[in-house]
Every structure is written in C-alpha cells, then in structure tokens.
Protein chains: 2
Amino acid sequence: MIRHPAFCVEPWSVRECRLDLDVLAQTESVFALSNGHVGLRGNLEEGEPYGEPGTYLGGFYEVRPLPYAETAYGYPESGQTVVNVTNGKVIRLLVDDEPFDVRYGTLHEHERVLDLRAGTLTRRALWSSPTGGQVRITSTRLVSFTHRAVAAIRYEVEAVDDSRHVVVQSELVANETRQYTSGDPRVAAPLESPLVLEENLPAKDGVAIMVHHTRASGLRVAAAMCHEIDGPDGTRIDAQGSADVSRVTVATRLPPGRRLRLVKFFSYGWSARRSRPAMHDQVVAALAAARLVGWDGLCSDQRQFLDAFWESADVEVEGDAEVQQAVRFGMFHLLQSAARLEDRPIPAKGLTGSGYDGHAFWDTEIFVLPVLTYTYPRAVADALSWRRSTLPMAEARATQLGLSGAAFPWRTIHGEECSGYWPAGTAAFHINADIAHAVTHYVDATGDTAFERDTGLPLLTGTARLWCALGHHESDGRYRIDGVTGPDEYSAVADNNVYTNLMAQQNLREAAEAAAGHPDLAARLGITEEEITRWRDAANAMTVCYDERLGVHQQSEGFTRHGVWNFAATKPDQYPLLLHFPYFDLYRRQVVKQADLVLALHLRGDAFTPEQKARDFAYYEALTVRDSSLSACTQAVIAAEVGQLELAGRYLGEAAMMDLADLERNTVDGLHMASLAGVWISLVAGFGGMRAGEGRMCFAPRLPPGVTRLGFRLRYRGSLLHVGVTSETTSYRLLEGPPITLTHHGEPFPLRTEPVTLPNPPAPAPRQQIHQPPGREPASRRPS
Amino acid sequence: MIRHPAFCVEPWSVRECRLDLDVLAQTESVFALSNGHVGLRGNLEEGEPYGEPGTYLGGFYEVRPLPYAETAYGYPESGQTVVNVTNGKVIRLLVDDEPFDVRYGTLHEHERVLDLRAGTLTRRALWSSPTGGQVRITSTRLVSFTHRAVAAIRYEVEAVDDSRHVVVQSELVANETRQYTSGDPRVAAPLESPLVLEENLPAKDGVAIMVHHTRASGLRVAAAMCHEIDGPDGTRIDAQGSADVSRVTVATRLPPGRRLRLVKFFSYGWSARRSRPAMHDQVVAALAAARLVGWDGLCSDQRQFLDAFWESADVEVEGDAEVQQAVRFGMFHLLQSAARLEDRPIPAKGLTGSGYDGHAFWDTEIFVLPVLTYTYPRAVADALSWRRSTLPMAEARATQLGLSGAAFPWRTIHGEECSGYWPAGTAAFHINADIAHAVTHYVDATGDTAFERDTGLPLLTGTARLWCALGHHESDGRYRIDGVTGPDEYSAVADNNVYTNLMAQQNLREAAEAAAGHPDLAARLGITEEEITRWRDAANAMTVCYDERLGVHQQSEGFTRHGVWNFAATKPDQYPLLLHFPYFDLYRRQVVKQADLVLALHLRGDAFTPEQKARDFAYYEALTVRDSSLSACTQAVIAAEVGQLELAGRYLGEAAMMDLADLERNTVDGLHMASLAGVWISLVAGFGGMRAGEGRMCFAPRLPPGVTRLGFRLRYRGSLLHVGVTSETTSYRLLEGPPITLTHHGEPFPLRTEPVTLPNPPAPAPRQQIHQPPGREPASRRPS
C-alpha cells in the first residue's frame, strides 16, 4: 500500500507534518479548496515548486477540436477542457533578497492542515534562506461557502532570529505555464495560454482587476484582488500590472519577532454573455462584500456553514481511525464540489484537478448525488437542474443519433457530448438511466414535488423515450437493448447488459409513474396514454440474461461464454489493463474493470433473490480487477449484503484510501469524487444496509471486524435521523422532523421522539468461496 | 443509373467521344495507365483542368501521425499515405501565345480512347484558341509493361488553318498543388508538398533528372525525362530547371498542315536505401533502354505483352456489350495493378488514385488474387511474396496485441497496421485467413511447391497460430472466436462471425496440411505434432452459429435476434448509411453493408447444404444494402448458384458498371480493383459456376437472361482451358498443357485434346421469394 508518509490520522483534519516534494502534486489535490464554483488546488503560495497549478471555475471551459484518425458520422467535433484560470493564490516572499523557495535554504518545519470543520487550509513553515535569514510563515486560506465568488488568504511572515528585509508580492497571474504531461489518456489535454487579456487594471486604488476571455469558447472571466496589510511603520506598498500579471508589492523591514500580515481577498466571475464592464463590476462588488465581512467574518461564516453540514452529514466510525478520517475527508470534498453549484455540473474530480478534462460523467448521478441526497439535498437539486438545462442539447444529440428523447453526454462540461471514443462513450447509454435514478431518489427522499414536476418529469420523459428508441421487442416478446456499453469498460457494445436493462426498466417505470402524477405537464410534454403503456410494456418485458448452466446472471448476453482473461499470465505491473492490452482483447474476455452486474445487485437489488446475489457476487468477484475507482464501494456494499463482512471491510478500506494513499497513482489529476462518496456508501449502504425508495427507508446494519461503532445521520422526507450501530444492536434516533416508519432487517417499525434500539441478527453464513483475480484482492491496510 | 454520357460501348476499348468537365476527375481514374510499379492518372497533358493530379509509384508512401481524440493501447501512431510523385505527364502547349486550355477557346473535337489490346491511351483534339488559331493535337501515352520504370508519350500538334507559332513545354513537376478535398473518411488524407528536393538537373544534355525524398518516411524518388523532337526547320529547344520544375521548351512556327512531334520518355525509381547518385543513374539507365527500343518498339512490346495476357485471361460475352466491355476493362486494370509488382502490395485502388490513402486491404487476397490466380498467376506469387516479406511486422503486431503468430494489418502500404479505427480495422482478423485462402488457392492452381514451401507455409503457419491465440474451446468443447469483425462493416466486434470462423477453419486445416507436406521446414518453423493437432482440433470444433427458429445461419452469434434496420424510414439519399448514421446504431441492427455470410456461402460452399444456401441467401438479401463495392459480385455468384439467374445477371451488371458508370460516386478517388475483379468473378464463378480447390476444377455453367454465349479461359495445373457456355451446352477445350479432369455440374470428366461438349441441366427452381431492402435492388441498366 502506498501511504503518504506524512499524513497524520486525525478525526477532523488532514495534517501533513513535513513537506515531501515527491508527492507535492498529489497533496495539491488533497488540500484543494472549493465551494463548487471556485476551486483552488493546494499549490504553495509562492507558486513554485508545483505539481500542477490549478484555479478552476465551475463550468468554465475552452473548446478544442477532437481529432480522429478515421472519423465517422456522429463523432463530436470538439471537446471541452477545464481551464486553469487566473491564479489568485500567488504570494511570493523575498527575505533579504532571497526568494522563499522550499527547494533552497533550509526548511526546518513545514506543516499543512486541512481543517474539515473550519473549512480552511493552514500552513506553517519555518525556513532559513541560503544566506541564513530565518522566517516563520503562516498562511490560512479559504474558499468561502457563504460568499460564492470569494476566496481569501491570511499570510503572515515573522522574522525569527534577526531583523530582515522582507518583500511580499501578492499576484494575479493568468496563463501559467504547465510542465506536467502524461501519456495516460485519462489525463486532460493541455491548453497553452488559453486566456486572452481584455483588461489588466493594477491595484492603484486598492483593487486589482483582470479580465480575460477564451479564444474558442468565448467565455469571459474576471478576477480581482484587494488586501489588508498590517506591518511595521515604513512598510511600503506598490502596485503594478503588465500582460498577464497583476502585482501588489509590500516591502518592509521586520525586527525580530515582528510580523508582516497580509489578508488577501480575491474574487472571480465568469459569463458567456456579460460584458467586460459588467464582469469587472461583478468581481469588484464581490470583493466589497468580502471586505465588509472581513477575514474573521469569513472564517466564522465558514465554520457555521460547516457546522450545519456536519449536523446532517457526519459519520462516526469507532475502531478504525483511518476510515473515520477518510469518510469526513470525503464528505468535506463532496460538499466542496457541490455546495455552490448553481446549475453547473459536478466534475468527476470536482474542482481539485484537471483530470478527465474537468468533465462530468455518470459518477455524479450514481455515486455522488445519492450521498448528497440524504446529507445535502439542495446540491442535488442544483446538479440535476443543470442536467435539466442541458435537455435541449441531449434531445439534439438523440436526434443526431437517429433516436428519440434525450441522449445525455457521456462526458461534458457544457452539455455537448465530448467523448472521442464512442464504444466507451456514446454507447454507454446507461448514463441516461443513471440520471433518472438520481432524479427518482432525490424526489423520494425529499418529496420535492415542484422539482419532480419542473425538473424531474422532463428528465424522466426524455430518458424513457430514449429507451423506447434504443430497444425493441423480439418476436418472442422480450424487450432487448442491443449494442450498448455498461459500467464495465472492459466490455463494450454488447447486447442486453443487465445493469443497463434493469436501470432502463426502472427509468421507464418511474417515468410512467411521474407522468401519471402530473397529468397536466405530461400532456404538455406530449405524453399520451399510449406512450405510457409502451413504457410499461417495455419495462415489463425487459430481458435479463441468466446462464442456467452456471447459475449466474450474464453481465451481458453471451458474456459467460467468453474466454476468461488469463489472469495467471498477467503481471502486477500490467494493471491497469487498459494501459497494457488492447481493447479488442479486453472486450472479448471475461474480465471486469469495475462493478457492473454487481452494481445492478446494489441499485436494483429488488430484481435478484438473495441466493442469486450470493452466486453472482462470487462469480464476478473472480473476474473483477478494479482498474477503476468506481468499484470498491459497490463491492463493499454487496459483500456486506451477502455476509462477507471481512471482505466488505477491506473494500471499505480501499475506497477510503483511494486518494489519501493515492492507490491509483493519479490523485495528482484531482480527487476521485465518486470514490470519496464511496466511503459513505460503503459505510451507510454497506454496513448500515441502507436502501431507500418508494417512500421506504430500510436498514440492515452489520459491522465489519474492527469497527466497534458506526454512527451516521441522514435526512429523509423532512426528518433527520441518527443511526448508531454496534455489533449487537442498532439505535435509531429522530433528531428533527416528523415521526417516520423505518425498516430494520426487513421489519418495519415506527420512529417517534423516543430512540429505538433493535438487535442485529447474525450475518448469513457465507455460501460461496470468494476470491479475486490473483493480485487483485482489495488493498490491505496497516492496522491503525 | 449514372452513365458517363460520352463513353462508347466497344468490345476492346473505352472511348470517350467528347470532354465533359463534370466527370473529368472520374475519367482520370478510368483512363489511368499503370504497370503496377508506375501509375499515371489520366490527367490532361496540359496539366489543367484536373480532378486530381496523380503519379504514383507502387509502395512509395509518406508517413503521417494518426491522431486520436482518446488514444488507447495498441493504436497505430502513424499512418502511411500514397504520394503524388514527380509528374512526368505534363506537356503544355501555347498557340500564338494562347495557352491550350480546354476551358477557353473552342474545343471542336475531343476524343480519348483507352485501347485494351494496345495498352495505350490516345487523345485527339481539335481546338481553336480564343483568338482563333486552330490546332489539332494528338497524344498517345503508355506505361510500359515490359520496361518497368518507363512511361512515354507521343505528342503531336498540327496547325490546321493557318501558320501558327507553337510552343510546347514538356515538364517534370513535383509537389503539385491539389485542390480536391472531401469530407468522406474513405478519401486520402492530403499531403502538402511531401517531397524535398535533392537534385534538379535540367536537360542541357538531353536528359533532365530530379531527385527528391520524403520528409518522414525517408524514401528517395528519382524521375528523368528525355525527348525525341521532330519539327520544322528552325525549331528551337531550350531546357531550364528551377525548384520543383524541370522544363524542356520547344518553339517553332508551324505552317498549315505541318506537325510538331515530340516523343517524351520518362522514368522513375525509388528506394528506401539507395543513394542519390545511385537513383540518378538508375533512372538515366532506364531512359537509355527505352530510347534504344524507341517509341515504336515500346508500342509493339506492349501489344505483344497484352496479346499473351489475353490469350489466358480473355472473357467473351455475347448478348451484353456493356458487360463484354466491362470485363475486359476490369481485367486490363487488374493486370495494370499487378503486372510489375515485384514485392509490393496491390492497393485497393491500384495506382489509379489516392483513395483509401493508397492502402492495400483484404480486397486483394479475396477478390483480386483469385482472378489473377487463374489468369496471370505470376502476379499472385509477387503479391503474396510481399505479404511474406511483411511477416516480421505481422508477428510484431501479434505480440503487441498479446497474441501469437502473425496479425497482418487491415490496411497498409509498407506492412505496418495503419488503421485508425480498430473495430473496423485490427478487429477484422479475417484478413489473416483471407491471405491463407489466397495462398492455398494459388498453390492449388499452380502446383508451385517452391512457393508453397518458402512463402506459403510461413504465411499459413503465422496465421494458424493467430487463430489459436484468438480462439478458445468453451466448456462444451466448441471452438469460439469472440469479439472480431467480419467483412460486413455494419457489424463489428461480434462473437463467432461465420465467415471468419469458416475461413479460420480452412486456414488451420491448410496449415496442418502444408506443415505435413514440408516436415523439414515445419520443424524449422517450430511446428510440433502437438501444434498441428491443436490446429486440427480447433478446426474440427469450430462454432458455426445457426438460428433454428428462423432456419438460417447467424452472420455472427446473436445477429438474428437484433432489431432489423428500419429500411422503410431510410431515405434514398441516406445511403451509404455510414455517412448518415452512427456506427453504434448500425452495429446493433440487422443491416449488412456487404456480403459476409453470403461470402462464406461462396468461399466455403462446402460447409453449407444447397437448401441452407438458398435460405441463407434469401434471408441476407433482405438485409444487404451494398454500401460497399465488395458485394455485388458475391451476390451474383450465390444468386446464380441458388438459381436466381435473372437477379445474378443484375448483380453482374452492377459490378460491371461500378467504375464505368461511377455507381458509388467515388471513382474520382480511383478504380475499385476488387469490383473490377468482381466482373470476372460474377461471370466465371457465377455463370460458369467455377469452383476450384484441392486439385479439382469444377464448373456448373448456367447463363443469365440476355447473355447468349459466355467464353472464358483459365489456367489450372499447367493447362490452359477454354470454356464456352451457351444456354444449352458447355464446351470445354484444352488450349495448352496436359489432359485434366474437370467437373461439370457435379460430374467429373476427362478433358484431352478433343473438346468436350456437355448439356447444362436446368437451373433449380428458385425456392425462395427474394427481395432486397427497398431501393437497394441492384442498379438496373438500360438495354444495350
């Protein structure tokens, strides 16, 4: 297991005790701050060294042509790439004319702390310059949850041993050069100098403003900064601006023990429509609001916001400190990715890195939103409103593909399909059912009928229509969906993928339900009784392939007749397989990149018997290599359900450490939002056995070895619950809201103001011998 | 039906009676001259107007990067593109300072004739310049079959009405600009100025030489020209060379009725290894040989060469003058593509255009070589020797793909895989069995055991090993080949494609046979008894999917359960479907681009009963849209076999007119060699019922309506046969060689010096109602 040697395991923070430049790039992702609108990677203030400089704005992208060696009808001609916008984090320091650079001089102490309750990243360094001048540097930064456009840094320098000349340069820098490149196709395409300067107004009057636009996407971005400076008398302040840099220079002489303190407020705005003057004014106004509140005000607002979040989202894990830290780290980053979305997508990496070009995938709807649905539902409404806003594009795409309804993009920022490889892009039509799934569960959990009507029904209708266009009734009456790609990207363009078919079935049924519930809007959407009947007929006749000989479901038709991947001949360094073997060979073998049939066992558990789940899980365990971060949590959930609690615990551990231990060696490109969500899913859906839908909230808690107590909170139908699980019992408490009926291990019970404590029945005895492909067992952890 | 309005139907020539600039580009392909080493498009001598200027050398290419929007393991990083090399065809003319350009002045007469027995292209024009000067221009050009490096043009200008100042400029021009572009992915990628000048020596001493090299592939090309000039006294000759042009200028004053005659000899050479001086000398030497023979000598050698060719290759068709012309046109171009290959590939377009980047595909082995095997076998040995020479590349590719043996490229010039879309490239592994098929049939037809040993066995072994690596025995013992693409490019990456499996079966068996026949070489190739047993076991257990419910074979496993393409909703202008619908939709429907299962009915007819053939043909007829030129002839062959003679005749007509009538509207990119071969295949394998293999040559002749007599010649096992078919009888004659046993409609009979005439049994009554998708019936022709 790869461990960051310097991360400390603490319940409410991620602390790095010393600086290790080998993992600098990864820590930039781990220490990223964001509110879903503005995202700052955890770059050092002084700008260098860096892994990848990163300042992102939700939804802000540049377009680039997508090239094809052999093109074909319907291929997207242009892609979208997240842009590293104007960097407001930069604060350079000179001590007696020596630049503060951790690679030179002596770094006596260096600590960074991401505080999950304060919502801040604090850094403390004690450094001697090559000529021996010693300073103590302390910085704290935040991206405000309450002021959407605002970030701030409090930066302090103290002369330690002697009097020092200190110069601090606080900057806005656009078009930063980027050194990091990769041969991995999952990494973002690099953009060279994507921003064109429109205005660079130096901070003569205290506020510096830079306005740029992108060349091809034509988006305009404005950034502004201002400062509060507290230094000794004689401190001199200057401002310059030229080309893509705006600089405020603070020069002073610090007697020993004296500090120079600078609070930097910076703000961002972007628009596809608004003019340069409007954007200029917008960022200046945001700064004005921030200064009014002040640094202390921003910090206390931040904590208040987070206190409220943890009140409904916290998970307590006793007996496993690493998982305790990881689940809070994950929830914190989920909140950061989603809190202030306001009709923008949640990218696979949030705003923590440029991996996957900053695109949003199905990860959001299937992994991230189901967690937020029960912990921070407002963000779910936002994220799905964004999907709703892209419905016209999805409808146009369906038309282009010769289909009806809406075909949502496999990957996008703005809404257009950006996938340059259709077998693992356009063909992955399950994204549409995944969106429907998120809609349905959000509506179920919140009872938000206004949302169901205005956002939900249009989404359900577009996607249901797509399934009717994609599938057909065979002569025997079965409904087939041929030639599509399921979640497992080591198979593609196959017939009757069970996951896809079952999710489409649910989509069709839920659309029929929702249309029946809103007849007026349904009529306006052109939904007829006949169409609803077609939806129900297709759903009822849906093909689900089962191999009678083996007694297991087929991931897709014919899958179990394929040759099994030669795991014995595959060397450990040949994983992930996609980097070492051609797709054609992966596609025609029984080898599974990530939970696919097993994800169906989770999300459509109602379609399988317990016996089938156990057999299917055992069969697919032996084939699943987990070359994706979107797998461990699902395997944890089903392992727990079939009674493989120890195995489930190991998958939980893997999901938990994905980014904190950089298990896939690509945390540099940003955090895996879905895997972070997966820690919560493993705990709550796995060991809490939580399943919700159709007005019912069910639990079947059972703890894995080592965890002595699990506590979690969730919101359902206006109630806030606390569930506390020990190995013997589960206690249910109603923290807020009306009484509610819950289900404990299949038995309904009412929960009123009094807590209810119920015994946990013993786990079913594992019926199957479970094994993974050799070397692909879940990562083991050191005991913590 | 699109007809070239100016082509005359003549038995031994293609005559264009007037110039139609709208089809100029197509006629450049039709009138292309080549010997397989040097190819000249039928561009007008004066250089403009042109559709696409084209001078090609067999095997000469430039490399270019292949871009991918999302790359993956095993994708080829660079492609190869045929280069338009130094143009030696250019002869410009000025008449009283007015350039001869058919777009200006008045073109009173214009005729071009491709003479299929002379092997020349002759042009006659009578033109008045805008100022009224009238001249008669006559040119004849040839690319010599006997002097591989040499082409020549005899060019005459005659002043008609009055005395004229005439200037003729004969040139070598490199890096010609090209205006023609297309959005069709099947068209070549354009290269801008691909040639770098090394030497330009003007014709001061009579011979002009230019040497260039390509930037990336590093190939060197040399071209030279010299002239014999016959004009009135006072004719002045100059030579200049600068940059990429070398020019000989002939100025004279022509009295009325007098002619200026110029014979231009030009020669080419290219090499990846030889130096500039060596290449320089090589082309000069080629010119010297040509001048020694002289124009008349070149012409008489050309005719003699063709006389010998027609002696063993001619096909006579009575009752259908268009088909008569087309089959000879086709055979002529096949010869042109292959006569002087000498270890280079035969591209899909020969050397007639830059379509498909000048690449060779499976077309060669499955359509072109089987025709040449029985008519000009020497070229088959050459073409397969080229494959043999690329075996190390194919073995390296197999290794890269994680396979054993040899994986030949789907498309290439030099031997490396150049396909930028693997589902219709690398996955089309049938190319390997196709090569084996060509090897086996060549050896069967010629008894060339030296070839079998040195070229055949290594090819058969490499491909057989590939099939062993690609397939696997399922638990029930059946041998499966999963996830490959058959000939039909509207399906891809499917399991157990019947064509692929049956061709692989044959490949495995033939490899086992050949290895047994050459035990010493087999041992050196590392072939063990055990390996041979594995080959035979795999062949014997090969899966062939059959739909019991429908009583037809499945093109690939599950194919007949897919939804049928919505033909009713497809508009006529939406063909070819690949330009109007996404692959994902084509792949998951029952719609067939080109004969696939039906090609298996032809090439592996032994694996099907007559009843199965009839049912399969009827089933797949209704699904086949023929968006490929590689289909009509196969449909003709099987239609004839199942007794659908009228339909077979219509497919014959379509194959015949593919390029002469530009049926697919892309003759501009070059002629379809496989379709040209298809005319012979339709006639000989279709109406002659010819099937050969394992030492047997069988016929089952039956004529379609309208054809009153069919005669064809072919070589088999050292004998030259003539087969003459009327509606009642078939006469067999031995023209050369030893007596032979033939089969007539299933009955063997000996053929000695005496002709044998046998009655043709009546065709089987068609058992099935045959129909094609609406609007996709074979093109109908005007009665001729």
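In chain A, four strands make up an open sheet with mixed pairing, arranged in the order β28-β29-β33-β34. The edge positions belong to β28 (691-693) and β34 (747-751) of chain A; each has a single partner strand, so one side of each is left without a neighbour in the sheet. Direction ignored, neighbouring strands of this sheet are turned against each other by 25 degrees on average. The model described here is predicted.

Within the sheet, strand β29 (residues 696-699) of chain A runs parallel to strand β33 (residues 740-744) of chain A, and three bridges join them. Met697(A) has Leu742(A) in β33(A) as its bridge partner.

## Annotated spans in chain A

The record lists residues 690-749 of chain A as "domain: Glycoside hydrolase family 65 C-terminal". This span, residues 690-749 of chain A, is 65% strand and 0% helix, and its end C-alpha atoms lie 15 Å apart.

For residues 328-680 of chain A, the UniProt annotation reads "domain: Glycoside hydrolase family 65 central catalytic". Here the composition is 51% helix and 3% strand, with the end C-alpha atoms of residues 328-680 of chain A 9 Å apart.

## The sheet in chain B

Chain B also has an open sheet of four strands, in the order β28-β29-β33-β34 and with mixed pairing. At its edges stand β28 (691-693) and β34 (747-751) of chain B, and each has a single partner strand, so one side of each lacks a neighbour in the sheet. From one strand to the next, the twist averages 25 degrees.

Strand β29 (residues 696-699) of chain B pairs with strand β33 (residues 740-744) of chain B in the parallel sense, over three bridges. In β33(B), Leu742(B) is the bridge partner of Met697(B).

## Helix packing in chain B

Two packed helices are described by the angle between their axes and the distance between the axes. For helix α6 (residues 391-400) of chain B and helix α8 (residues 449-470) of chain B, the axes come within 11 Å and cross at roughly 10 degrees. Angles under 35 degrees count as roughly parallel, and α6(B) and α8(B) are therefore roughly parallel to each other.

On the α6(B) side, the residues that meet α8(B) are Leu391(B), Ala394(B), Glu395(B) and Ala398(B). On the α8(B) side they are Pro458(B), Leu459(B), Gly462(B) and Leu466(B). Sorted by class, the contact of α6(B) with α8(B) has six nonpolar residues, one polar and one charged.

## Interface and symmetry

In the contact between the two chains, 41 residues of chain B touch 41 residues of chain A. Helix α12 (residues 583-587) of chain B gives the most to the side of chain B that touches chain A, contributing four residues. By class, that side of chain B has 20 nonpolar, twelve polar and nine charged residues.

How are the two copies related? Chain B is superposed on chain A by a rotation of 180 degrees with 0.0 Å of shift along its axis (RMSD 0.0 Å). This is the relation of a two-fold axis. The same surface serves both copies, as 100% of the contact residues of chain B recur in chain A.

Which residue of chain B comes closest to the rotation axis? Tyr68(B) does, with its C-alpha at 2.4 Å.

Key:
Residues are numbered from 1 along each chain as its sequence is written. Chains are lettered from A and ligands numbered from 1 in the order in which they are written. This is a predicted model: local features need pLDDT of at least 70, side-chain atom pairs count only at pLDDT 80 or more; totals for chains, interfaces and linings use all residues. UniProt positions are given in the numbering used here, feature names are shortened, and annotations may be inferred rather than shown by experiment. Helices (H or I, at least four residues) and strands (E, at least two) are DSSP runs, numbered from the N terminus. Axes are lines fitted to C-alpha atoms, for helices over the stretch in contact, and angles run from 0 to 180 degrees between N-to-C directions. Angles under 35 degrees count as roughly parallel, over 145 as roughly antiparallel, 65 to 115 as roughly perpendicular and the rest as oblique. Two residues are in contact if their C-beta atoms, placed from the backbone, lie within 7 Å. Ala, Val, Leu, Ile, Met, Phe, Trp, Tyr, Cys and Pro count as nonpolar, Asp, Glu, Lys and Arg as charged, and the others, Gly among them, as polar. Copies are superposed by least squares on the C-alpha atoms of residues with pLDDT of at least 70 in both. Two strands pair if DSSP finds at least two bridges between them.
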